[in-house]
Amino acid sequence: MDQLDISVIPGDGIGKEIVPATLQVLDTLADLHGGVKFRYQTHPWSCEYYLEHGRMMSEDGIEQLKQTNAIFLGAVGNPQIVPDHISLWGLLIKIRRECEQVINIRPAKFIEGIKSPLAEPNHFDFIVVRENSEGEYSESGGRIHSGKDEIAVQNAIFTRKATERTIRYAFKLAQTRKGRVTSATKSNGIVHSMPFWDGVFNELSAEFPGIETESNHIDALCAFLVSKAHHFDVIVASNLFGDILTDLGAAIMGSIGIAPAANINLTGQYPSMFEPVHGSAPDIVGRGIANPIGQLWTGKMMLDHLGLNELGTLLLRAIEDSIAEGVKTRDIGGSSNTQEVITHINSKILSY
Ligand SMILES: NC(=O)c1ccc[n+]([C@@H]2O[C@H](COP(=O)([O-])OP(=O)(O)OC[C@H]3O[C@@H](n4cnc5c(N)ncnc54)[C@H](O)[C@@H]3O)[C@@H](O)[C@H]2O)c1
Ligand SMILES: O=C(O)C[C@@H](O)C(=O)O
Ligand SMILES: [K+]
Ligand SMILES: [Mn+2]
């Protein structure tokens with residue numbers, strides 16, 4: 001029996017609802033497999049934990065995470081009690097950086113049975129490769145003076161190392177797909193980092209002659225994701241641009257509640273982290289109506305990453321069948337609650 005240690009961080013808001021729900025399905029899959037068992041180490045790290053301890057995670061938290069095979073996280077943030085930049089940098093971004101999860105992979109595709117707001121979704125299917133370690137997300141800068149003389153400086157950091165590895169990852173991914181990479185840029189307005197980004201993109205495209213390439217300014221790219229989403233295959237983007245594009249990707253799928261994500265440690269030295277694109281959804285918390293599909297699909301990405309591709313495939317099949325049968329939460333046009341969706345998906349898996 002293979003035992004896999006999974007660090008579980010439900011986090012805040014609906015994370016506390018959908019993460020435990022999703023574990024029920026992962027356990028069903030493990031039972032079905034017979035040769036694998038998940039051992040969960042669940043951590044209470046959250047904004048409530050911060051109120052009690054003055055920090056978002058325990059002092060040796062990163063060390064604890066590093067002992068495990070993967071990290072499964074819900075969402076972080078409760079702006080009513082902790083400012084968002086404190087909670088995000090104290091937990092989610094801290095883990096991304098210290099576990100060197102340098103790439104964030106975020107697929108978006110048309111799903112049969114979910115109404116896309118696009119007039120012609122045309123079975124779009126793309127993956128955003130988001131730089132996950134630097135860029136616009138930086139602690140470099142500061143605030144000085146006050147009143148009408150107040151100044152805030154926020155530096156964006158673009159290293160050749162991180163830029164190259166992100167763009168190279170996108171090219172390699174495109175080789176396994178339709179063979180097109182679109183680079184998100186803004187080299188008309190951002191005069192240092194983005195011309196640099198474009199330069200690295202052009203250099204690397206010479207190494208991958210079989211891949212079709214294009215660069216779009218991020219503003220135009222946002223519009224294209226609405227007007228011709230089906231055109232895209234792999235989109236490579238800096239940290240902030242990738243963040244924004246993937247909420248847009250989720251929206252054109254039909255709901256932010258279904259979009260998955262994987263924060264990947266490329267060397268395998270530390271665990272990768274799996275958490276959906278959406279946040280803690282404070283506006284619907286406690287009502288039992290959160291869509292668990294984003295978390296479940298994220299679980300599929302974790303299974304694939306752990307080499308349990310058969311289980312990952314089975315899980316996605318059950319998600320898609322369940323949606324097609326109309327067992328859906330209200331954000332995607334149904335009337336089921338979180339647990340009803342989970343129960344149905346569980347029974348689908350057992351019925352195959
Ligand atoms: N990765 C993360 O942990 C992450 C991501 C985004 C936002 N956040 C944090 O979450 C908090 C709320 O942020 P926000 O409101 O900007 O974004 P959000 O993604 O939490 O919510 C945006 C909208 O989508 C809805 N929604 C989100 N997930 C859903 C689901 N599973 N089912 C149904 N509806 C869902 C919400 O109800 C809300 O109307 C903030 O504290 C923010 O910092 C965390
Ligand atoms: O800005 C972030 O990275 C946090 C959240 O919005 C996300 O997309 O993971
Ligand atoms: K999340
Ligand atoms: Mn985001």
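A nonpolar core is taken here as a set of buried Ala, Val, Leu, Ile, Met, Phe, Trp, Tyr and Cys residues joined through C-beta atoms within 7 Å. In this predicted model, the largest such core has 96 residues. Those with the most contacts inside the core are I71, F72, V234, I235, V236 and L315. Helix α1, spanning residues 15-33, supplies the largest share of the core, with seven residues. The core also draws on both domains: at least three of its residues come from domain 1 (1-101 + 264-352), and at least three from domain 2 (116-253).

As for the confidence of the prediction, the protein has an average pLDDT of 98, and 100% of the residues reach a score of at least 70. For the complex, the predictor reports an ipTM of 0.99 together with a pTM of 0.98.

Turning to annotation, an unreviewed UniProt entry lists residues 5-345 as "domain: Isopropylmalate dehydrogenase-like".

The surroundings of the ligand come next. Ligand 1 is surrounded by 22 residues, and the closest of these are G77, G257, H278, G279 and N291. Helix α4, which covers residues 84-98, contributes three residues, the largest share of the shell. Sorted by class, the shell around ligand 1 comprises 11 nonpolar residues, seven polar residues and four charged residues.

H123 has a phi near 50°, a positive value in a residue other than glycine. The residue sits in the loop that links β4 (103-109) with β5 (125-131). H123 counts as exposed because 12 C-beta neighbours lie inside 10 Å, and a residue is classed as exposed when that count is 12 or fewer.

H145 likewise carries a positive phi, near 60°, and is again a residue other than glycine. H145 belongs to the loop between β6 (141-144) and β7 (151-154). Since 9 other C-beta atoms lie within 10 Å of H145, this residue is exposed too.

Key:
Residues are numbered from 1 along each chain as its sequence is written. Chains are lettered from A and ligands numbered from 1 in the order in which they are written. This is a predicted model: local features need pLDDT of at least 70, side-chain atom pairs count only at pLDDT 80 or more; totals for chains, interfaces and linings use all residues. pLDDT is the predictor's confidence in each residue, from 0 to 100. UniProt positions are given in the numbering used here, feature names are shortened, and annotations may be inferred rather than shown by experiment. A residue is near a molecule or strand if its C-beta atom, placed from the backbone, lies within 6 Å of it. Helices (H or I, at least four residues) and strands (E, at least two) are DSSP runs, numbered from the N terminus. Ala, Val, Leu, Ile, Met, Phe, Trp, Tyr, Cys and Pro count as nonpolar, Asp, Glu, Lys and Arg as charged, and the others, Gly among them, as polar. A residue is buried if 20 or more other C-beta atoms lie within 10 Å of its own, exposed if 12 or fewer, and partly exposed in between; C-beta atoms are placed from the backbone. Domain bounds come from an automatic or database domain assignment.
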